[in-house]
Amino acid sequence: MESGEYVPGSVYFYAPNKGAPVFFAVAFAVSGLFHVYQCIHYKSWQLTGLYVFCSVLFTAGFIVREMGAFDYENLIKYIISTCLIYAAPPLLELANYHILGRILYYAPYHSPIHPGRVLITFGFISFVVEALNGNGVAYSVNQSLPADKQAMGRALLKAALLIQLAVLALFVLLAVTFHRRCARAQAKNAGAGAGKPRAGYARLTAALRTLYASSALIGVRTVYRVAEYWSIVQGDGYWRAGADPASLSVVIRYEWFFWVWEASLMLVNHVLVNARHPRRYLPQSSKTYLALDGVTEVQGPGYKDGRPFWLTLVDPFDLWGLVNGRDKAARFWEQAGEATAAKEASRGVEAQV
């Protein structure tokens with residue numbers, strides 16, 4: 001039972017739990033092995049391969065934390081385990097960016113953004129967040145550094161966490177906008193008396209719901225991290241000998257916050273994607289898309305963007321293309337629809353003759 005009192009010599013403040021790291025190391029290893037199997041089975045290394053890598057990071061991080069639990073005065077083990085465990089969640093967000101991109105490829109006519117720009121745009125921001133995150137953790141947890149260096153590390157980590165929350169909110173907004181467009185199209189088709197089950201839209205909805213759940217788990221974890229580090233930066237940061245332990249937030253003094261709001265949430269996220277793998281709902285190729293009827297799958301040329309790479313970063317929504325009409329040339333699904341209509345009309349004429 002935790003007392004919330006400082007354990008002399010501990011770089012964790014408390015005496016770390018010795019059983020929990022073993023459980024989470026094994027759990028993440030098992031989930032990671034299942035992700036390896038799914039990547040092979042679904043041929044989805046590009047889509048969900050990051051989950052395998054993150055499982056390795058988490059497993060290694062908890063192994064080192066277990067070692068640190070028996071040597072809680074060892075600063076190096078503390079820094080290594082913290083960096084490994086902190087590095088994985090932003091990469092899980094990157095995996096979600098890729099998954100959303102593939103979802104948008106499946107119904108490109110409803111996408112507010114070129115599907116290929118999701119990963120590039122949000123991935124670039126995630127790279128910045130990861131750099132801030134890594135440097136912030138390394139500086140903030142190293143109590144052997146001068147106070148100003150530790151303060152800089154905490155500032156970097158605060159910035160990374162806030163940016164991460166803002167980007168996550170924009171990401172979810174993009175997914176919701178796409179989802180609403182799909183729902184309106186489905187309702188319109190149903191109102192037209194088509195009478196067919198919209199299997200394609202049902203698959204999209206299932207994939208999006210998994211994405212929402214994953215984003216919520218990562219978002220709650222990020223809020224926890226923000227609360228944790230806001231409490232750390234009160235006063236002079238980490239607790240030091242001679243200070244009053246009660247002056248620290250309970251988030252720092254009790255280890256169970258970490259196991260519930262960090263380790264458990266991320267494990268649930270891994271198992272969620274195991275259970276509801278995106279390839280259960282999406283085709284293997286990004287060139288396979290859903291026809292406008294919401295039922296038929298069509299093989300197309302793919303959603304291409306001939307603009308320079310730097311321009312796709314500056315203008316991911318291709319607003320300039322919308323203004324001058326350039327984006328219309330890329331709407332291959334409209335061309336496919338016109339070709340299909342022409343064939344049906346031609347068959348009708350031949351039948352009459």
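Analyst: The model is predicted. Its protein chain contains 11 helices and two strands, and along the sequence these elements follow the pattern α-α-α-α-α-α-α-α-β-β-α-α-α.

The pair in question is helix 1, residues 20-42, and helix 2, residues 45-69. Two packed helices are described by the angle between their axes and the distance between the axes. For helix 1 and helix 2, the angle is about 160° and the axes lie 8 Å apart. Angles over 145 degrees count as roughly antiparallel, so helix 1 and helix 2 are roughly antiparallel to each other. Their crossing is left-handed.

On the helix 1 side, the contact is made by P21, V22, F24, A25, F28, A29, S31, G32, H35, V36, C39 and I40. Helix 2 contributes W45, T48, G49, Y51, V52, S55, F58, T59, F62, I63, R65 and E66. Sorted by class, the residues in this contact are 15 nonpolar, seven polar and two charged.

As for the chain as a whole, 49% of its 353 residues are buried. Of the contacts in the protein chain with a separation of 6 or more, 78% are between residues 24 or more positions apart. The chain exposes about 16800 Å², and carbon and sulfur atoms supply 66% of that area.

Key: Residues numbered from 1 in each chain as written. Predicted model: local features only at pLDDT ≥ 70, side-chain atom pairs only at ≥ 80, totals over all residues. Heavy atoms only, no water. Axes fitted to C-alpha atoms, helices over the stretch in contact; angles between N-to-C directions. Helix = DSSP H or I, 4+ residues; strand = E, 2+ residues; numbered from the N terminus. Parallel < 35°, antiparallel > 145°, perpendicular 65-115°, else oblique. Left-handed = near helix turned anticlockwise from the far one by under 90°. Contact = heavy atoms within 4.5 Å. Nonpolar A, V, L, I, M, F, W, Y, C, P; charged D, E, K, R; others polar. Buried < 20%, exposed > 50% of the residue type's maximum accessible area, 1.4 Å probe, protein only. Areas by Shrake-Rupley, 256 points an atom, 1.4 Å probe, with all protein chains shown as cover.
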